Amino acid sequence: MSTTTTTTTTVTQEAAPSAQAILRLFPDIDTSSSELEGHDAEQIRLMDEVCIVLDNDDNPIGTASKKLCHLMTNIDKGLLHRAFSVFLFDEQNRLLLQQRATEKITFPDMWTNTCCSHPLGIPTETGSNLPDSIMGVKRAAQRKLDQELGIKPEQVPLDDFHFLTRIHYKAPSDGKWGEHEIDYILFIKAKVDVEANPNEVRDTKYVSPDELREFFKTPELKFTPWFKLICESMLFKWWESLDSGLDKYTNEQEIRRM
(Lines give C-alpha, C1' and ligand atoms only; values in the text may rest on other atoms or scores of the structure.)
Protein backbone atom coordinates (compact mmCIF):
# COMPACT_ATOMS: atom_id res chain seq x y z
CA MET A 1 0.00 0.00 0.00
CA SER A 2 1.09 3.60 -0.52
CA THR A 3 2.60 5.40 2.46
CA THR A 4 2.39 9.08 3.31
CA THR A 5 3.96 11.31 5.91
CA THR A 6 1.83 12.68 8.72
CA THR A 7 2.39 16.27 7.61
CA THR A 8 1.40 16.15 3.95
CA THR A 9 -0.92 14.32 1.64
CA THR A 10 0.55 15.44 -1.67
CA VAL A 11 1.18 12.74 -4.20
CA THR A 12 4.86 13.62 -4.38
CA GLN A 13 5.21 12.19 -0.87
CA GLU A 14 3.74 8.84 -1.81
CA ALA A 15 5.93 5.83 -2.43
CA ALA A 16 4.96 3.45 -5.18
CA PRO A 17 2.75 0.49 -4.19
CA SER A 18 4.62 -2.38 -2.63
CA ALA A 19 6.57 -5.14 -4.34
CA GLN A 20 3.98 -7.59 -2.98
CA ALA A 21 1.46 -6.01 -5.35
CA ILE A 22 3.62 -7.13 -8.27
CA LEU A 23 3.66 -10.71 -7.02
CA ARG A 24 -0.14 -10.63 -6.98
CA LEU A 25 -0.33 -9.14 -10.46
CA PHE A 26 2.45 -11.29 -11.92
CA PRO A 27 2.39 -14.56 -9.93
CA ASP A 28 4.71 -16.30 -12.40
CA ILE A 29 7.35 -13.56 -12.39
CA ASP A 30 10.92 -14.74 -12.92
CA THR A 31 12.96 -13.98 -9.78
CA SER A 32 16.06 -16.06 -10.60
CA SER A 33 19.52 -14.54 -10.22
CA SER A 34 21.56 -16.79 -12.49
CA GLU A 35 21.50 -14.19 -15.28
CA LEU A 36 23.71 -11.90 -13.19
CA GLU A 37 26.57 -14.39 -12.85
CA GLY A 38 29.86 -13.15 -14.26
CA HIS A 39 28.84 -9.49 -14.44
CA ASP A 40 30.53 -6.52 -12.77
CA ALA A 41 29.93 -6.41 -9.00
CA GLU A 42 28.86 -2.75 -8.90
CA GLN A 43 26.43 -3.22 -11.78
CA ILE A 44 24.99 -6.28 -10.04
CA ARG A 45 24.48 -4.17 -6.90
CA LEU A 46 22.63 -1.51 -8.91
CA MET A 47 20.27 -4.21 -10.20
CA ASP A 48 18.75 -4.20 -6.69
CA GLU A 49 17.48 -0.63 -7.11
CA VAL A 50 13.69 -0.44 -6.91
CA CYS A 51 11.90 0.68 -10.08
CA ILE A 52 8.32 1.95 -10.36
CA VAL A 53 6.10 -0.61 -12.09
CA LEU A 54 3.28 0.86 -14.18
CA ASP A 55 0.08 0.01 -15.93
CA ASN A 56 -0.25 0.93 -19.59
CA ASP A 57 -1.35 4.48 -18.70
CA ASP A 58 1.68 5.31 -16.51
CA ASN A 59 -0.10 4.73 -13.19
CA PRO A 60 2.13 3.14 -10.51
CA ILE A 61 0.89 -0.35 -9.61
CA GLY A 62 3.86 -1.61 -7.61
CA THR A 63 7.62 -1.79 -7.38
CA ALA A 64 10.17 -4.32 -8.53
CA SER A 65 13.94 -4.49 -8.67
CA LYS A 66 15.79 -3.22 -11.70
CA LYS A 67 16.80 -6.83 -12.35
CA LEU A 68 13.22 -8.09 -12.44
CA CYS A 69 12.12 -5.19 -14.66
CA HIS A 70 14.83 -5.85 -17.24
CA LEU A 71 14.58 -9.62 -17.64
CA MET A 72 12.97 -10.40 -21.00
CA THR A 73 11.04 -13.25 -19.38
CA ASN A 74 9.23 -10.67 -17.23
CA ILE A 75 8.96 -8.06 -19.97
CA ASP A 76 7.23 -10.66 -22.12
CA LYS A 77 4.69 -11.09 -19.31
CA GLY A 78 3.89 -7.37 -19.48
CA LEU A 79 6.12 -5.87 -16.76
CA LEU A 80 6.45 -2.14 -17.53
CA HIS A 81 8.41 0.49 -15.59
CA ARG A 82 9.06 4.25 -15.54
CA ALA A 83 12.24 5.75 -16.97
CA PHE A 84 13.70 9.04 -18.14
CA SER A 85 16.05 10.23 -20.88
CA VAL A 86 17.98 13.48 -20.43
CA PHE A 87 19.22 15.46 -23.42
CA LEU A 88 21.75 18.01 -22.18
CA PHE A 89 22.94 20.78 -24.50
CA ASP A 90 25.89 23.12 -24.05
CA GLU A 91 26.05 26.86 -24.79
CA GLN A 92 26.64 26.10 -28.48
CA ASN A 93 23.52 23.89 -28.56
CA ARG A 94 25.64 20.76 -28.95
CA LEU A 95 24.14 17.60 -27.45
CA LEU A 96 26.19 15.64 -24.91
CA LEU A 97 26.27 11.94 -25.77
CA GLN A 98 27.61 9.12 -23.68
CA GLN A 99 28.86 5.68 -24.59
CA ARG A 100 27.68 3.18 -22.01
CA ALA A 101 30.42 1.31 -20.17
CA THR A 102 31.42 -2.22 -21.10
CA GLU A 103 30.49 -3.19 -17.53
CA LYS A 104 26.82 -2.32 -18.08
CA ILE A 105 24.55 -5.36 -18.00
CA THR A 106 22.06 -3.97 -20.52
CA PHE A 107 23.10 -2.35 -23.81
CA PRO A 108 26.86 -2.24 -23.01
CA ASP A 109 29.18 -0.11 -25.18
CA MET A 110 26.27 1.55 -27.00
CA TRP A 111 26.08 5.28 -27.65
CA THR A 112 23.06 7.11 -26.31
CA ASN A 113 21.75 10.46 -25.08
CA THR A 114 23.29 12.22 -22.09
CA CYS A 115 21.70 10.13 -19.34
CA CYS A 116 19.10 7.35 -19.33
CA SER A 117 17.87 5.79 -16.10
CA HIS A 118 14.91 5.32 -13.76
CA PRO A 119 13.19 7.17 -10.95
CA LEU A 120 13.13 4.97 -7.88
CA GLY A 121 10.14 3.75 -5.89
CA ILE A 122 10.81 6.28 -3.12
CA PRO A 123 8.65 9.25 -2.00
CA THR A 124 10.73 11.98 -3.67
CA GLU A 125 10.80 10.28 -7.09
CA THR A 126 7.35 8.68 -7.35
CA GLY A 127 4.24 10.44 -8.61
CA SER A 128 0.71 9.24 -9.37
CA ASN A 129 -0.26 12.20 -11.55
CA LEU A 130 1.71 13.78 -14.36
CA PRO A 131 2.97 16.97 -12.63
CA ASP A 132 4.21 15.03 -9.60
CA SER A 133 5.69 12.30 -11.79
CA ILE A 134 7.58 14.91 -13.82
CA MET A 135 9.04 16.42 -10.63
CA GLY A 136 10.07 12.96 -9.41
CA VAL A 137 11.77 12.24 -12.71
CA LYS A 138 13.64 15.56 -12.59
CA ARG A 139 14.97 14.70 -9.13
CA ALA A 140 16.06 11.30 -10.41
CA ALA A 141 17.74 12.96 -13.39
CA GLN A 142 19.78 15.20 -11.07
CA ARG A 143 20.82 12.16 -9.04
CA LYS A 144 21.90 10.10 -12.04
CA LEU A 145 23.69 12.92 -13.87
CA ASP A 146 25.88 13.19 -10.79
CA GLN A 147 26.33 9.42 -10.35
CA GLU A 148 27.10 8.68 -14.02
CA LEU A 149 28.77 11.86 -15.28
CA GLY A 150 29.85 13.75 -12.16
CA ILE A 151 27.56 16.68 -13.07
CA LYS A 152 26.66 18.39 -9.82
CA PRO A 153 23.00 19.21 -9.05
CA GLU A 154 23.70 22.94 -8.76
CA GLN A 155 24.76 22.94 -12.44
CA VAL A 156 21.43 21.39 -13.50
CA PRO A 157 18.70 23.05 -11.37
CA LEU A 158 15.33 21.32 -11.36
CA ASP A 159 13.61 24.37 -12.84
CA ASP A 160 15.93 24.29 -15.87
CA PHE A 161 14.71 20.86 -17.03
CA HIS A 162 12.01 20.94 -19.72
CA PHE A 163 9.64 17.97 -19.90
CA LEU A 164 8.63 17.27 -23.49
CA THR A 165 6.74 13.99 -23.69
CA ARG A 166 6.59 10.31 -22.71
CA ILE A 167 7.35 7.42 -25.01
CA HIS A 168 6.22 3.84 -24.42
CA TYR A 169 8.50 1.31 -26.09
CA LYS A 170 9.86 -2.22 -25.75
CA ALA A 171 13.29 -3.34 -26.95
CA PRO A 172 15.52 -6.39 -26.32
CA SER A 173 19.17 -5.98 -25.35
CA ASP A 174 20.17 -9.61 -25.82
CA GLY A 175 18.46 -12.92 -25.17
CA LYS A 176 18.20 -12.29 -21.41
CA TRP A 177 17.76 -8.54 -20.93
CA GLY A 178 15.74 -5.71 -22.41
CA GLU A 179 13.66 -2.60 -21.79
CA HIS A 180 9.93 -2.01 -21.49
CA GLU A 181 9.46 1.56 -20.34
CA ILE A 182 7.39 4.67 -20.30
CA ASP A 183 10.27 7.07 -20.82
CA TYR A 184 10.05 10.75 -19.81
CA ILE A 185 12.00 12.99 -22.21
CA LEU A 186 13.83 15.89 -20.52
CA PHE A 187 15.78 18.71 -22.22
CA ILE A 188 18.20 20.97 -20.41
CA LYS A 189 20.70 23.57 -21.61
CA ALA A 190 23.54 24.06 -19.15
CA LYS A 191 27.24 24.66 -18.77
CA VAL A 192 28.49 21.63 -16.87
CA ASP A 193 31.69 19.97 -15.73
CA VAL A 194 31.81 16.30 -16.74
CA GLU A 195 33.77 13.77 -14.70
CA ALA A 196 32.46 10.48 -16.03
CA ASN A 197 32.20 7.44 -13.77
CA PRO A 198 34.14 4.77 -15.72
CA ASN A 199 31.90 2.02 -14.33
CA GLU A 200 28.95 3.72 -16.03
CA VAL A 201 30.34 5.66 -18.98
CA ARG A 202 33.04 4.59 -21.43
CA ASP A 203 33.20 7.84 -23.40
CA THR A 204 31.42 11.18 -23.95
CA LYS A 205 31.08 13.45 -26.94
CA TYR A 206 29.36 16.75 -27.77
CA VAL A 207 27.75 16.80 -31.23
CA SER A 208 25.88 19.23 -33.45
CA PRO A 209 22.81 17.98 -35.36
CA ASP A 210 24.87 17.41 -38.50
CA GLU A 211 27.61 15.66 -36.55
CA LEU A 212 25.04 13.35 -34.97
CA ARG A 213 23.62 12.47 -38.39
CA GLU A 214 27.14 11.58 -39.55
CA PHE A 215 27.77 9.68 -36.32
CA PHE A 216 24.81 7.43 -37.10
CA LYS A 217 26.42 6.54 -40.42
CA THR A 218 29.52 5.06 -38.75
CA PRO A 219 29.03 1.31 -39.23
CA GLU A 220 31.08 0.12 -36.26
CA LEU A 221 29.07 2.18 -33.76
CA LYS A 222 25.96 0.90 -32.00
CA PHE A 223 23.17 2.99 -30.49
CA THR A 224 20.56 2.28 -27.83
CA PRO A 225 17.09 1.55 -29.24
CA TRP A 226 15.34 4.35 -27.32
CA PHE A 227 17.88 6.90 -28.58
CA LYS A 228 17.35 5.78 -32.16
CA LEU A 229 13.57 5.94 -31.74
CA ILE A 230 13.72 9.48 -30.38
CA CYS A 231 16.16 10.61 -33.08
CA GLU A 232 14.08 9.09 -35.86
CA SER A 233 10.88 10.72 -34.60
CA MET A 234 11.17 14.18 -33.05
CA LEU A 235 14.68 14.95 -31.76
CA PHE A 236 15.91 17.13 -34.61
CA LYS A 237 12.71 19.16 -34.73
CA TRP A 238 12.89 19.73 -30.97
CA TRP A 239 16.57 20.59 -31.28
CA GLU A 240 15.88 23.29 -33.89
CA SER A 241 13.52 24.94 -31.39
CA LEU A 242 15.86 24.76 -28.41
CA ASP A 243 16.31 28.55 -28.13
CA SER A 244 12.95 29.66 -29.51
CA GLY A 245 9.70 27.79 -29.81
CA LEU A 246 10.46 24.80 -27.60
CA ASP A 247 7.42 25.63 -25.48
CA LYS A 248 5.08 24.33 -28.17
CA TYR A 249 6.61 20.87 -27.70
CA THR A 250 6.70 20.77 -23.89
CA ASN A 251 4.33 19.20 -21.38
CA GLU A 252 2.69 16.86 -23.86
CA GLN A 253 -0.13 15.02 -22.10
CA GLU A 254 -0.51 11.96 -24.32
CA ILE A 255 1.90 9.04 -24.21
CA ARG A 256 3.57 8.31 -27.53
CA ARG A 257 3.37 4.58 -28.28
CA MET A 258 6.41 3.48 -30.25
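**Reading salt bridges and a bent helix**

Of the 258 residues of the protein, 53% count as buried. The model is predicted.

Me: How many helices and strands does the secondary structure of the protein hold?

Reply: There are seven helices and ten strands.

Me: How many salt bridges does a search of the whole structure find?

Reply: The general idea is that side chains of opposite charge can pair when their charged atoms come close. In this structure the search finds 13 salt bridges. One of them joins D109 to R202, with the closest N and O atoms 2.9 Å apart. This pair links distant parts of the chain: D109 sits in the loop between β4 and β5, R202 lies in strand β9, and 93 residues separate them.

Me: Where do K144 and E148 lie, and what separates them?

Reply: An α-helix has 3.6 residues a turn, so residues three or four places apart point the same way. Here K144 and E148 are four residues apart in helix α5, which means about one helical turn between them. Their side chains meet in a salt bridge at 3.9 Å, N to O. K144 and E148 are both buried.

Me: Is E252 buried or partly exposed?

Reply: E252 counts as partly exposed because its relative accessible area is 25%, and buried would require under 20%. Its salt-bridge partner is R256, at 2.8 Å from N to O. R256 is also partly exposed, at 28%.

Me: Where does α7 bend?

Reply: The bend is at M234 and comes to about 65 degrees. Helix α7 covers residues 225-240. Its buried residues include M234, W226 and W239.

Note on methods
Residues numbered from 1 in each chain as written. Predicted model: local features only at pLDDT ≥ 70, side-chain atom pairs only at ≥ 80, totals over all residues. Heavy atoms only, no water. Helix = DSSP H or I, 4+ residues; strand = E, 2+ residues; numbered from the N terminus. Buried < 20%, exposed > 50% of the residue type's maximum accessible area, 1.4 Å probe, protein only. Expected span 1.5 Å × (residues − 1). Bend = angle between axes of the 7 residues up to and from the residue. Salt bridge = Lys/Arg side-chain N within 4 Å of Asp/Glu carboxyl O.
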